[in-house]
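Please read them alongside the coordinates.

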Amino acid sequence: MGETWLVTGASSGIGAVYANRLFRRGHKLILVARRADRLRALADAIISEGGEAETLAADLADEADCRMVEKRLTEGVAGLVNNAGFGYFSPFAAGDLDRHVELLRLNAEAPMRLVHAALPAMLARRSGAIVNVGSGIVFRQIPSYASYIGSKAFLTEFTTALAIDYADSGIRFQVAVPGVTRTEFSHVAAGTGYDGLRAARVMEAADFVDAALAGFDQGEVVTVPALPEAASYAAYVDARAAVGQHVTAAKPADRYRIGGEW
Ligand SMILES: NC(=O)c1ccc[n+]([C@@H]2O[C@H](COP(=O)([O-])OP(=O)(O)OC[C@H]3O[C@@H](n4cnc5c(N)ncnc54)[C@H](OP(=O)(O)O)[C@@H]3O)[C@@H](O)[C@H]2O)c1
């Protein structure tokens with residue numbers, strides 16, 4: 001039996017598939033989410049097939065529960081999948097601020113805390129894997145998802161920045177980027193299912209995870225399973241870098257000069 005991976009949001013959707021696939025890759029699992037009964041059922045299914053799985057029922061938007069999971073990570077794991085998350089479909093001002101804040105805690109603060117807890121043991125061993133589940137919405141700017149888009153933009157930039165910081169550490173970082181995927185997400189975010197969407201736009205969770213793991217195996221830091229051409233992401237990175245070369249200068253650009261010299 002291989003080393004231990006902790007998967008958050010393992011009680012449904014993408015996280016449940018990650019747990020299944022990581023078990024099939026020979027890993028032990030620590031399954032985290034709020035619904036203990038679902039976690040137990042998944043753990044029992046893994047154990048009945050000869051695997052090892054423990055459950056950790058926790059609300060990751062709650063600081064005390066999050067600290068409990070952090071503590072487990074400090075004991076050392078080979079891999080961490082920060083997958084738990086939800087969307088909140090609402091014009092920002094009309095929405096419930098507490099819900100926006102809960103979203104930020106779960107989608108951004110909790111992954112940051114868990115990575116911070118997991119890294120020291122990984123750094124000491126010079127090996128490990130951090131997989132953060134982002135969202136393609138970062139590239140699409142769908143209306144009425146401002147807090148969700150912001151949270152996933154954080155997670156994406158956080159992951160790619162860590163990959164640079166720890167390039168020589170032996171630790172792998174990946175942000176796996178789903179588009180619309182058939183899970184419970186849409187019910188939680190907007191109280192709707194996927195019936196109104198063209199089938200060609202909805203990916204099955206199993207296909208998403210299998211592709212994300214294939215991207216991981218290929219050494220990708222950013223994996224967008226639905227993207228037909230890898231070259232279009234490379235072009236996006238190049239365009240950003242071209243802007244990045246010019247974001248610092250001694251003087252502002254000429255178009256902001258209102259008469260005279262700077
Ligand atoms: N499905 C999509 O179309 C789509 C698109 C882009 C990105 N994503 C991202 O994919 C990830 C997985 O979502 P999914 O599509 O698989 O949706 P899902 O079926 O709703 O699963 C979400 C998971 O997160 C857990 N979770 C929610 N709130 C939690 C909390 N406070 N503490 C701990 N766990 C919590 C849920 O478990 P409990 O309710 O038991 O706690 C569940 O296991 C999310 O980060 C989501 O933002 C999904």
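1. What covers the buried residues of H2? In this predicted model, the cover includes helix H1 (13-24) together with strands S2 (28-33) and S3 (53-57).

2. Helix H2 itself runs over residues 36-48, and its 13 residues reach 18 Å from the first C-alpha to the last, which is close to the 18 Å expected at 1.5 Å a residue. Its buried residues are Leu39, Leu42, Ala43 and Ile46, and because they fall within an arc of 100 degrees when seen down the axis of H2, they line one face of the helix. The face turned away from that buried side carries the exposed residues Asp37, Asp44 and Ser48. Just after H2, glycine 50 takes a positive phi of about 95 degrees.

3. The largest nonpolar core has 59 residues, and those with the most contacts inside it are Val7, Ala19, Leu29 and Leu31. Helix H4 (residues 97-125) gives the most to this core, with 9 residues. Leucine 31 deserves a separate look: leaving aside residues up to four places away in sequence, Leu31 touches Leu39, Leu42 and Ala43, and its other contacts include Val7, Ala10, Ala19 and Leu56.

4. The axes of H4 and helix H5 (residues 146-165) come within 9 Å and cross at roughly 5 degrees, which means that H4 is roughly parallel to H5. Where the two helices meet, H4 contributes residues including His100, Leu104, Asn107 and Met112, while those from H5 include Tyr148, Lys152, Leu155 and Phe158.

Methods
Residues numbered from 1 in each chain as written. Predicted model: local features only at pLDDT ≥ 70, side-chain atom pairs only at ≥ 80, totals over all residues. Helix = DSSP H or I, 4+ residues; strand = E, 2+ residues; numbered from the N terminus. Expected span 1.5 Å × (residues − 1). Buried ≥ 20, exposed ≤ 12 C-beta atoms within 10 Å, placed from the backbone. Arc of directions from axis to C-beta. Contact = placed C-beta atoms within 7 Å. Core = buried A, V, L, I, M, F, W, Y, C linked by C-beta atoms within 7 Å. Axes fitted to C-alpha atoms, helices over the stretch in contact; angles between N-to-C directions. Parallel < 35°, antiparallel > 145°, perpendicular 65-115°, else oblique.
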